[in-house]
Amino acid sequence: MPPVFLAVAETVDGRLTKLSAEIATLARVLADESGGAALGLVVDGAPDAAAAELATYVPRVLAVTDGGVANDTWAPHAAAAANALIGEGVTHILAGATADGRDLAGTLVGLLGWGLLANATGVTWDGAGPRVTASVLGGKAITASTLAQGTGIVTVQLNAVTAEAAPAPGIVEARAAVAPVTPAAVVLDRVSEAGAEASLEEARVVIVGGRGVGGPEGFALVDELAAALGGVVGATRASVDAGWIAYARQIGQTGKVVKPALYLGLGVSGAMQHRVGMQAAETIVAVNRDADAPIGEIADLFVVGDLFEVGPALLTELRSRRGA
Amino acid sequence: MRILVLTKPVPDPAAGAERLGPDFRLDRSASPAVVNGNDEYALEAALQLVEAHGGEVAILTMAPPTATDTMRKALAMGAMRGILVTDPALAGADVPTTIRILAAAAAQEEFDLLLAGLDTSDGQGGAVAAGVAARLGMPLLSTAGAIKPDPASGRVRVHRLSARGYDVIEAPMPAVISCTQALGAPRYPSLKGIMAARSREIVQKSAADLGVDVPANGDWATKVVEAERPPARTAGRVVRTPAGEAAREIADFLAARRII
């Protein structure tokens, strides 16, 4: 039997996420390479807009209208819908390496016993099955893994593939909701916190404040530089633990992994815990008073100096160049 | 409250010496082992909940027999007892087998909450808590930044961290919760705790004790076929000029790389 790849999409405010478009593209490419088929799945209270977007990337999209998603955690509903499609021949399930995607993948592994290849940074078809590359041990090794059976689940990192529209748009089929087979939790409230909106993972420029910024007021300078460079503010564990900035901003082992064109670290020492979240940046610039700070070992440009002198000087320089 | 915490020994990320062996499995001799960071946040949250509501914290680990060393650290922090599932047949176990084992071991315990780290620093698949919840037929409350059980109503409320802030979610207990650093820093074991941990029990169980069939000869659902070191980054240019000049150098550098 030829493989059938199911791309499980996620939505934000009813719109398809960037990662979901990438995963759908991946499903289509794998189907082309393997002689199999690609399907997209949207499970949402109002799935139509996202399903139409998803059909840009895959030939066939199933739009499941599930009112339960508005009041419940998403993964049990999406897992039920994906599980039902296995009866229709789905052999490989692709989901995002996101909070919801991991909950979905874990739930399905628990239910089905299928193999899981997590955090894919690349997926190819090796003739017999998907071959998945991933970074493990906090960036110490890059592995390539395969599935022993003809079925499996893959969670995919952002920017592992580039979203590319199919030559012709696909069809969208409406489907009824499937009752969750695992108990969902009820969502009582969705709370927005200031400064948590901008996506660190998708940012082209990331400006990071470490212990050296000295306090919440030090982040004002980090904010200004981020605005001047069109970037997003990140933080180290030290500055998060000190309560200077929200955990959502943390980069590193227990935070987010970023791959920006520019990482600018201010007062960042470069502890291993932090490095695993940022060492894949294209360009690393660091400002630190301590000439022995470990970040100097990986920075492309390392300025030994006081960030409260260099930072404002850089703001002035950037503004004068923009004005020129 | 009875709380079961999944704790996994992992190579110490701070040592920076993790590596894979020739079989592409983790080389445990290369690096000292510590309790996985996110599991320590889970344990700390469990200890605080028991301090507030009464009850007991137990830890559950699937690992080689040497894991008793890291489990003693968790017991020294305040966990009362440990369950170690250890079996040569589980070396290099895949995610579905890990989930089946941990779910079967948890099913032999009585608990109101099962807490686990969001992911582990060596594997980072982040799927085990969800899989265990699915097999136990319990609700999953994932990515927790705060945990508020209400023993009177038998329900637990969790702040689930989201891209925008957090969602307040709720489910009946018993429930499974995956835990993040936002729960708060773990305590250091006290001398008294370290002494007490020596006499606390760690029960060892095999896969057979749990009634779980393990694939023979490490015939796992997934297989690592290749491993390499990522290209190492090297130090670049060091600038020690006064601030104004250094700022110009940064701007020139960014302009040359077409970032500004």
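Mentor: Before we start on this predicted model, one definition is needed: axes are lines fitted to C-alpha atoms, for helices over the stretch in contact, and angles run from 0 to 180 degrees between N-to-C directions.

Trainee: At what angle does helix H3 of chain B run to E4(B)?

Mentor: Helix H3 (residues 95-107) of chain B lies across several strands of chain B, namely E1, E4, strand E5 (81-85), strand E6 (113-117) and E11. Two of these strands, E1 (residues 2-6) and E4 (residues 56-62), run parallel and are joined by five bridges, and within that pairing B:Val5 has B:Ile59 as its bridge partner. Taken against E4(B), the direction of helix H3 of chain B is at about 150°.

Trainee: Which strands stand at the edges of the sheet, each with a single partner strand?

Mentor: The sheet is open and of mixed pairing, with 10 strands in the order E12(A)-E9(B)-E8(B)-E7(B)-E10(B)-E6(B)-E1(B)-E4(B)-E5(B)-E11(B). Its neighbouring strands are turned by 30° against each other on average, direction ignored. Because each edge strand has a single partner, one side of each is left without a neighbour in the sheet, and these strands are E12 of chain A and strand E11 (202-205) of chain B.

Trainee: In which sense do E12(A) and strand E9 of chain B pair, and over how many bridges?

Mentor: Strands of a sheet pair through backbone hydrogen bonds, either parallel or antiparallel. Here A:Val186 stands opposite B:Glu170 in E9(B), and E9(B) itself covers residues 165-172. The pairing of E12(A) with E9(B) is antiparallel, over six bridges.

Trainee: Which element gives the largest share of the side of chain A that touches chain B?

Mentor: In the contact between the chains, 78 residues of chain A meet 80 residues of chain B. The elements of chain A that give two or more residues to this side include strand E7 (116-125), strand E12 (186-192), helix H9 (307-323) and helix H5 (99-112). The largest share, nine residues, comes from H5(A).

How values were computed
Residues are numbered from 1 along each chain as its sequence is written. Chains are lettered from A and ligands numbered from 1 in the order in which they are written. This is a predicted model: local features need pLDDT of at least 70, side-chain atom pairs count only at pLDDT 80 or more; totals for chains, interfaces and linings use all residues. Two residues are in contact if their C-beta atoms, placed from the backbone, lie within 7 Å. Helices (H or I, at least four residues) and strands (E, at least two) are DSSP runs, numbered from the N terminus. Two strands pair if DSSP finds at least two bridges between them.
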